Amino acid sequence: MPEKMIEVLKIGKEFTNNFKSLEVLKDISFSVNRGSFTSIVGMSGCGKTTLLKIICGISNPYSGQILINGEAALKAGKNHYFGIVFQEPTLLPWRNVYNNIELPLELNSCPRTKFKTDDLIRLVGLKGFEDVMPHELSAGMKARVAIARALIFHPSILLMDEAFNNLDEITRGNLNLELLRIWKEIKTTVLFVTHNISEAIFLSDRIIVLTPRPGTVRKVIDVDLPRPRDKQTRRLPEFIEIVENARELLS
Amino acid sequence: MDLKRRLGLIKEKYLPSLVFIILLVLLWEFLVRLFSLPEYILPSPLMIARTFLKFRKILLFHTSVTVFETLSGFMVGAILGFILAVFICMSDFFYRTFYPVLIVIQSIPKVALAPFFIIWMGFGILPKIAITVLVSIFPVLVNTLHGLVFVKQELIDLMKVFHASKIQVLFKIRIPSSLPFFFTSLKISIIFSVVGAIIGEFVGANKGLGYVIMISSSNLNTSLMFAALFLLGAIGVFCSLLVSLSEKMLLPWHKEAKDA
């Protein structure tokens, strides 16, 4: 198995409408190691989301190449390599928690017994909420459902697009800890997009700082903070130093 | 919730409007008597009630005719509108071909076509149903299409990541998301349907409440006209309630989702 789970090679993307073309991504290259936690940090509008969509094969066309597990992205897209969590939880309001999580199974007519939905519900801390409808859930709970849904196929890669953006500070902090716990348990590769620098550093092994439009890689920072991380981590001088450095890169 | 509290809530909700209506009727009665208006100009509520009781059997028959025309046309229109919306949403070709045409047709007052239908289909129930179908189909079609097409992009992306087919997106995402729009359009269409049936009856008919109004107008029987008018109002309210009730039963997640 190749050590690099995702390889992004010279990716460029232009959006063209009637008269203008807009270059959103330019010459982006980086790689993500198997089982690592990587964040992409950049200001709003720098093409973070677009990059994520290109990686999981839902935004075409683009220039450059993506390798997933050593394979070309197009081929990789046929397998269930990816789980994805969006900024909005995008739950279906007419389905309860359990059925929302099982939606991907239904789409691929998978036998339900094979994938342990109950274990997944326990993993994300939703035990007892299986029959609850989305509108009865708090924003934090909805985010948990979205994470569980993304993990249903035991994906090799979990993509998260500003998943905790709409949450209040406290819930966000709690879910960061929860995400690290989940990640430790399932040992998947995580690619996390955010504009929150300290969140990115708290979670990640490595952060990729993008420049504003067109998005290019400004710097890749390795985060050598000890794990497991907890609330104390944010008070470490090393943590604060990395945050300051990254903030300077972005401003 | 216990019954007593429930009754209390209903009282609180509806009592003011009920009192207002009663006062209005009393004022009407009083003014008619005060100015001693002749019955053919403006009958008093009491006279209307008396006429209503006197002709109740005939009125009931004509009401049933109008209700039948309204509901059958409405149902055919709603089903056709929904099916057409799904087809137009699923095919770019249909969308580009029919959508502009629909917008144009929607702005034509369909009731103006009533005389044509009388020529083509005679004086029976059929032309009324045809007009009713025609007026109820467009609100359903346009609203449902909107609900089907404008689904959150992220939901579509999600479906792509999980390799969903176009048909799966339709049945799992688009149709359920369009249902609130569909029911909203039903509430518009049902009112249009009553109007459609009446216009059809105005233009040429031998039964139905529209016919009753036309005949009693030529006889200067204003009391009977009012009796028919109130029945029409009752039909409208009854049909709208029917739609609201079925929405509540079929889409429990929608109302509550909005409240939350």
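**Ground rules.** Residues count from 1 along each chain as its sequence is written, and chains are lettered from A and ligands numbered from 1 in the order in which they are written. As the model is predicted, local features need pLDDT of at least 70 and side-chain atom pairs count only at pLDDT 80 or more, while totals for chains, interfaces and linings use all residues.

**Confidence.** I looked up the overall scores and found ipTM 0.83 and pTM 0.83. Within chain B, helix α3 (residues 56–90) has the highest confidence at 94, and helix α11 (residues 252–259) the lowest, at a mean of 62. A reminder to myself: where pLDDT is low, the predicted coordinates should not be read in detail.

**The six-stranded sheet.** I traced an open sheet in chain A with the order β6-β7-β8-β3-β9-β10 and mixed pairing. Strands here are DSSP runs of E, at least two residues, and helices are runs of H or I, at least four, both numbered from the N terminus; two strands pair if DSSP finds at least two bridges between them. β6 and β10 (217–222) of chain A each have a single partner strand, so one side of each lacks a neighbour in the sheet. From one strand to the next, the twist averages 15°.

Next I went through some pairs. β6(A) runs parallel to β7(A) (residues 157–161) over four bridges, with Val85(A) partnered by Met160(A) and Phe82(A) by Ile157(A). β7(A) in turn is joined to β8(A) (residues 189–194) by five bridges, again parallel, and there Ile157(A) has Thr189(A) as its bridge partner. At the other end, β9(A) (residues 206–210) and β10(A) are antiparallel over five bridges, including the one between Leu210(A) and Val217(A).

**Is β7(A) enclosed or open?** I checked burial (buried means 20 or more other C-beta atoms within 10 Å of a residue's own, with C-beta atoms placed from the backbone). Five of the five residues of β7(A) are buried, so the strand is largely enclosed by the rest of the structure. Ile157(A), Leu159(A) and Asp161(A) point one way, Leu158(A) and Met160(A) the other. In β6(A), Phe82(A) and Ile84(A) face one way and Gly83(A) and Val85(A) the other, and all are buried.

**Cores.** A nonpolar core is a set of buried Ala, Val, Leu, Ile, Met, Phe, Trp, Tyr and Cys residues joined through C-beta atoms within 7 Å. The largest one has 69 residues, and Ile84(A), Ile147(A) and Leu159(A) are among those touching the most other members. Helix α5 (residues 139–150) of chain A gives this core its largest share, six residues. Another core, of 48 residues, lies apart from it and includes Ala114(B) and Leu209(B).

**Where the chains meet.** Which elements of chain A give two or more residues to the side that touches chain B? I first noted that the contact (C-beta atoms, placed from the backbone, within 7 Å) takes 16 residues from chain A and 16 residues from chain B. The elements are β6 (82–85) and α3 (97–107) of chain A. By class, the chain A side has eleven nonpolar, three polar and two charged residues; Ala, Val, Leu, Ile, Met, Phe, Trp, Tyr, Cys and Pro count as nonpolar, Asp, Glu, Lys and Arg as charged, and the others, Gly among them, as polar.

How values were computed. Contact = placed C-beta atoms within 7 Å. Axes fitted to C-alpha atoms, helices over the stretch in contact; angles between N-to-C directions. pLDDT = per-residue confidence, 0-100. Buried ≥ 20, exposed ≤ 12 C-beta atoms within 10 Å, placed from the backbone.
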